[in-house]
Amino acid sequence: MEDEVDRLVAAWRRERPDLDVEPLEVLSRVSRLARHLDRARRLAFAEHQLEPWEFDVLTALRRAGTPYQLSPGQLLTQTLVTSGTMTNRIDRLAKKGLVERLPDPSDRRGVLVRLTHEGRDRADQALAGLLEQERAILGELSRAQRAELAGLLRQLTAPFDNIPG
């Protein structure tokens, strides 16, 4: 079965036979898949009145386990945004009643961000919707193929995820 990347690669091989375009066969597909995944994620989140960034913050808190709270610094680390962006996001989520700010008992100047019951319910429902969308995307692959693909992608992403700083 031919896809758009096959056509793109064939055109480049015809137009630039002097270049080795083999990386396009993998990474152009990863890029296209990322766009399809982004659309599926936005749809899953929209069904629960969430933006992708809201889902990221809520699920970071949900994964923390009871009592579902983290410091803003911990949220920064997990969501890869700047401190100003995180402050704005926490403010917006608090206005929606999805998180609350609490004083940090171990640091008089610090705060903790805690998931509310509504935030937890919304995160759980959106996650279930997301997993349904993602299962559909992976539907053509067997369990063994999914495991092999996950391992190969881990090899590519781990060096980026483990860069200090």
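Phe55 is buried, with a relative accessible area of 6%, where buried means under 20% relative accessible area, exposed over 50% and partly exposed in between (1.4 Å probe, protein chains only). The model is a predicted one, in which local features need pLDDT of at least 70 and side-chain atom pairs count only at pLDDT 80 or more, while totals for chains, interfaces and linings use all residues. Residues are numbered from 1 along each chain as its sequence is written, and side-chain values use heavy atoms, with hydrogens and water left out.

The partner of Phe55 is considered next. Phe45 and Phe55 form an aromatic pair that is stacked, with 4.2 Å centre to centre and 20 degrees between the planes. Rings of Phe, Tyr and Trp (its six-membered ring) pair if their centres lie within 6.5 Å; planes under 30 degrees apart count as stacked, over 60 as edge-to-face and the rest as tilted. By this rule the count comes to 1 aromatic pair. Phe45 lies in helix H2 (residues 22-46) and Phe55 in helix H3, so the pair ties together parts that are 10 residues apart in sequence. Helices (H or I, at least four residues) and strands (E, at least two) are DSSP runs, numbered from the N terminus. Phe45 is also buried, at a relative accessible area of 2%.

Helix H2 also holds Ser28. With 15% relative accessibility, Ser28 counts as buried. Residues up to four places away in sequence being left out, Ser28 touches Val5, Leu8 and Pro23, where contact means heavy atoms within 4.5 Å.

The packing of helix H3 against helix H4 was examined next. Helix H3 (residues 52-63) and helix H4 (residues 72-79) pack at an angle of about 115 degrees, and their axes are 10 Å apart. That angle makes H3 roughly perpendicular to H4. Axes are lines fitted to C-alpha atoms, for helices over the stretch in contact, and angles run from 0 to 180 degrees between N-to-C directions. Angles under 35 degrees count as roughly parallel, over 145 as roughly antiparallel, 65 to 115 as roughly perpendicular and the rest as oblique. The crossing of H3 and H4 is right-handed; a crossing is left-handed if the near helix is turned anticlockwise from the far one by less than a right angle, and right-handed if clockwise. On the H3 side the contact is made by Asp56, Val57, Ala60, Leu61 and Arg63, and on the H4 side by Leu75, Gln78 and Thr79. By class, this contact of H3 with H4 has 4 nonpolar, 2 polar and 2 charged residues. Ala, Val, Leu, Ile, Met, Phe, Trp, Tyr, Cys and Pro count as nonpolar, Asp, Glu, Lys and Arg as charged, and the others, Gly among them, as polar.Helix H4 also packs with helix H5 (residues 83-95): their axes come within 10 Å and cross at roughly 110 degrees. H4 and H5 are therefore roughly perpendicular to each other. Pro72, Leu75, Leu76 and Thr79 of H4 make the contact with Ser83, Met86 and Ile90 of H5. The residues of this contact of H4 with H5 divide into 5 nonpolar, 2 polar and no charged.

Val57 is located in helix H3. This residue is buried, with a relative accessible area of 1%. Among the residues that Val57 touches, not counting those up to four places away in sequence, are Leu75, Thr79, Met86, Arg89 and Leu93. Val57 and Ile90 are 33 residues apart in sequence, and from C-alpha to C-alpha they are 8.3 Å apart in space.

Several features of the backbone were found in loops. Most residues other than glycine have a negative phi, and most peptide bonds are trans. The peptide bond from Thr66 to Pro67, however, is cis, with omega near 10 degrees. Pro67 belongs to the loop between H3 and strand E1 (69-70). Gln49, in the loop between H2 and H3, has a phi near 55 degrees, a positive value in a residue other than glycine. At 53% relative accessibility, Gln49 counts as exposed. Leu80, in the loop between H4 and H5, likewise has a positive phi, near 60 degrees. Leu80 is exposed, with a relative accessible area of 76%.

A further exposed residue is Glu132, at 59% relative accessibility. Glu132 lies in helix H6 (residues 117-137). Glu132 and Arg114 are 18 residues apart in sequence, and their C-alpha atoms are 27 Å apart in space.
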